[in-house]
Amino acid sequence: PSGPSMTMAHPGAAARRRLAILEPWLYSAPALILIIVTTLVPIVIGISYAFRNVMLLDPTSGGFVGLDNFRDLMRDASFWNALKNTVTWTASCVGFQFLFGLILALLLNRPFPGRSIIQPIVFLPWAIPTFLIGMNWSWLLNPAIGPLPHWAYALGLMSAPTNILADPNYALVGPILAGIWWGTPFFAITLLAALQSIPREIYEAAEIDGAGGFERFRSITIPFLAPTMLITVMLRTIWVANSPELIVVMTKGGPADSSQIVASYVFTQAYQGLNFGYASAVATALVVLLLVYALLLLSIRQAMLGTR
């Protein structure tokens, strides 16, 4: 039946529908506001600095300069050297971290006596602050107090037990070694979790069919791990490329910028040169390069998932 009561009910029903639509947003509003204030606003301000002349100790600075900072960037030999070092640093760290992490995951995926004790020890470096790792490896590589140069000399790897962090030709090797030791547990943890999600029945069926260990690894383990491998390599690459802590603590980008990467170059320009405008332009360029890299890997991962 229709009548005044039905007509009067409509406004209340409409209000309830509007409330039902707004209710999830009301619950998530505190988190969204926090993200906007602590993440999005600083990002927008930081990118805006790239188009301004922002010198920390110059009260007359801050004017709009357009693309001047990016033009200076294209002519900056130190930036291109830092970009080359970034590729070397990131590829070496992530490549060896992935390799050693995969080996550890394969070993820890098999039951053996003492595995419950060894697993926490393997994952321990991931829990240590990066600053402390940089300090420890600086001491280990110092021939006055550390053993590593003397071991390398005894093995014939060095002509004398010297500090490689002071050698422009090898200064980047020290942070790379520290980075490999620090980041290997990340891959070990994630790949071990992915390995344990593979059904055992598939391996048992392949073994019954006569497949050897390498064939099972090639035809079962790698295809199942491939999506996880791609996403972890992408995340770790972005983290390593954006992490100047080990470089700053161990070498400060020296000697003679031989170990400078783009992320540490941003730190140098901002907090030593006090040129926040140019530092923001360098950081923006790094963000764009990493976004292109991430989109490329995500498209590859999507293609792989589409073929399965």
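Biologist: In this predicted model, which residue's side-chain oxygen reaches the backbone nitrogen of Ser78 at the start of H3?

Modeller: The backbone nitrogen of Ser78 lies at the start of H3, and a side-chain oxygen reaches to within 3.0 Å of that nitrogen. A polar contact is a pair of N or O atoms within 3.5 Å, and the residue that supplies the oxygen here is Asp76.

Biologist: How far apart are the end C-alpha atoms of helix H3, and what span should its 32 residues give at 1.5 Å a residue?

Modeller: Helix H3 covers residues 77-108. The expected span is 1.5 Å times one less than the number of residues, so the 32 residues of H3 should span 46 Å. The end C-alpha atoms agree with that expectation, being separated by 46 Å.

Biologist: How many salt bridges does a search of the whole structure find?

Modeller: Side chains of opposite charge can pair when their charged atoms come close. Asp68 pairs with Arg71, with the closest N and O atoms 2.7 Å apart, while Asp72 meets Arg75 at 2.8 Å, N to O. Glu215 and Arg218 also form such a pair, at 2.7 Å, N to O, and for the whole structure the search finds three.

Biologist: About how many helical turns separate Asp68 and Arg71?

Modeller: Both residues belong to helix H2, which runs over residues 68-74. Asp68 is partly exposed at 37% relative accessibility, and Arg71 is likewise partly exposed at 43%. Because the two are three residues apart in the helix, the separation is about one helical turn.

Biologist: Which helix holds both Glu215 and Arg218?

Modeller: The side chains of Glu215 and Arg218 meet in a salt bridge, with Glu215 partly exposed at a relative accessible area of 32% and Arg218 partly exposed at 46%. They are three residues apart, about one turn, and the helix that contains both, over residues 213-241, is H9.

Biologist: Is Ser259 buried or exposed, and with which residue does its side chain make a polar contact?

Modeller: Ser259 sits in the loop between helix H10 (245-250) and helix H11 (262-271), and its relative accessibility is 0%, so it counts as buried. Leaving aside neighbours within four places in sequence, the residues in contact with Ser259 include Asn85, Ala171, Leu172 and Ile247. The side-chain polar contact, at 2.6 Å, is with the side chain of Thr251.

Biologist: What accessible area do the residues of the nonpolar surface patch have together?

Modeller: The patch includes Trp25, Leu32, Ile36 and Val41, among others. Leu32 is found in helix H1, residues 4-49, and has a relative accessible area of 35%, which means that it is partly exposed. Taken together, the residues of the patch have an accessible area of about 980 Å².

Key
Residues are numbered from 1 along each chain as its sequence is written. This is a predicted model: local features need pLDDT of at least 70, side-chain atom pairs count only at pLDDT 80 or more; totals for chains, interfaces and linings use all residues. Side-chain values use heavy atoms; hydrogens and water are left out. Patches are made of residues with over 30% relative accessible area and no salt bridge: like charges are joined within 9 Å, nonpolar side chains (Val, Leu, Ile, Met, Phe, Trp, Tyr) within 5 Å. Accessible areas come from the Shrake-Rupley method with a 1.4 Å probe; for residues, only the protein chains shown count as cover. A salt bridge is a side-chain nitrogen of Lys or Arg within 4 Å of a carboxyl oxygen of Asp or Glu. Helices (H or I, at least four residues) and strands (E, at least two) are DSSP runs, numbered from the N terminus. Buried means under 20% relative accessible area, exposed over 50%, partly exposed in between (1.4 Å probe, protein chains only). A polar contact is a pair of N or O atoms within 3.5 Å; within protein, one must be able to donate a hydrogen and the other to accept it, and residues adjacent in sequence count only if both atoms are side-chain atoms. Contact means heavy atoms within 4.5 Å.
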